[in-house]
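This report concerns a ligand and the protein that surrounds it. Please keep the sequence and the structure in view while reading.

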Amino acid sequence: MKLYYSPGACSLAPHIVAKEAGIALDLEKVDLAAHKLTDGTDYYDVNPRGYVPAIRVKADEPVLTEANVLVQFLADQKPEAGLMPKAGTPERYRAQQWLAFVATELHKNFSWLWYKDTPAETKTAVKDKLNKRFAELDAHLKSNDFILGKTFSAADAYAFTIINWVNFLGMNLKSFPNLQAFMDRVAARPKVQEALKAEGLIAA
Ligand SMILES: N[C@@H](CCC(=O)N[C@@H](CS)C(=O)NCC(=O)O)C(=O)O
């Protein structure tokens with residue numbers, strides 16, 4: 001399987017899940033400014049939206065997309081890794097609830113901060129909204145090591161990836177000590193370190 005990624009982008013989430021599950025992925029880097037692969041191929045031919053992440057599962061099928069789906073897809077390849085609860089259980093829906101929260105409340109709000117032409121007042125409003133969501137997570141993580149409770153899951157990989165963007169967008173987690181501790185806990189995981197190194201985000 002091939003993962004189309006860009007260093008530190010939301011594609012880091014499926015990358016982390018693959019590492020944690022012990023799934024070997026071929027990594028194909030995408031230049032998101034030009035929407036090109038390193039060999040010059042137009043990335044829109046791979047994913048018409050131009051977004052990473054995308055996973056090529058079968059050569060003759062369209063790529064699979066959407067970060068919150070890809071982390072579940074990968075987790076389900078290795079259920080013994082315990083990265084997602086079993087499909088159809090109440091725990092699975094709870095996990096999906098958190099994945100949808102990350103996708104719609106965090107990821108897509110953050111996207112506005114990345115766009116160069118987002119008006120300043122929109123950026124201020126988005127940061128305000130994100131800080132409210134961080135406060136909610138901070139309260140949740142006061143009594144939980146991870147989003148689903150005691151053990152690391154695909155939801156943590158996705159949340160970690162997205163919240164890490166505070167470091168590049170003039171935000172910080174100083175008011176959210178439990179969330180900061182969660183970020184440190186996830187960052188320290190050996191498989192997360194491997195993914196960060198593979199993307200060139202920390203020294204190898
Ligand atoms: N709905 C997609 C959104 C993915 C997305 O926002 N990807 C960003 C990087 S984190 C991207 O590829 N941006 C390039 C662009 O906007 O052209 C998902 O959830 O996977």
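This is a predicted model: local features need pLDDT of at least 70, side-chain atom pairs count only at pLDDT 80 or more; totals for chains, interfaces and linings use all residues.

**Domains**

The domain assignment divides the chain into domain 1, which covers 2–81 + 191–198, and domain 2, which covers 90–189. Taken over C-alpha atoms, the centres of domain 1 and domain 2 are separated by 20 Å, and across the boundary 17 residues of domain 1 are in contact with 19 residues of domain 2.

**Site of the ligand**

The space that the ligand takes is the largest pocket. Around the ligand there are 13 residues, of which Cys10, His35, Val52, Glu66 and Ala67 come nearest; by class, the shell is made up of eight nonpolar, three polar and two charged residues.

| Residue | Protein atom | Ligand atom | Distance |
|---|---|---|---|
| Val52 | backbone N or O | nitrogen | 2.8 Å |
| Glu66 | polar side-chain atom | nitrogen | 2.6 Å |
| Ala67 | backbone N or O | oxygen | 2.8 Å |

Taken alone, the ligand exposes 520 Å², and the protein buries 81% of that area. In the table, valine 52 and glutamate 66 each face a nitrogen atom of the ligand, whereas alanine 67 lies 2.8 Å from an oxygen atom, through a backbone N or O atom.

Definitions and conventions. Residues are numbered from 1 along each chain as its sequence is written. Side-chain values use heavy atoms; hydrogens and water are left out. A residue is near a molecule or strand if one of its heavy atoms lies within 4 Å of it. A polar contact is a pair of N or O atoms within 3.5 Å; within protein, one must be able to donate a hydrogen and the other to accept it, and residues adjacent in sequence count only if both atoms are side-chain atoms. Accessible areas come from the Shrake-Rupley method with a 1.4 Å probe; for residues, only the protein chains shown count as cover. On a 1 Å grid over the protein atoms alone, a cavity is a set of points where a 1.4 Å probe fits but cannot get out, and a pocket is an open set with protein on both sides within 12 Å along at least five of seven lines; lining residues have an atom within 4 Å of a point. A molecule sits in a cavity or pocket if more than half of its atoms lie within 2 Å of its grid points. Ala, Val, Leu, Ile, Met, Phe, Trp, Tyr, Cys and Pro count as nonpolar, Asp, Glu, Lys and Arg as charged, and the others, Gly among them, as polar. Domain bounds come from an automatic or database domain assignment. Contact means heavy atoms within 4.5 Å.
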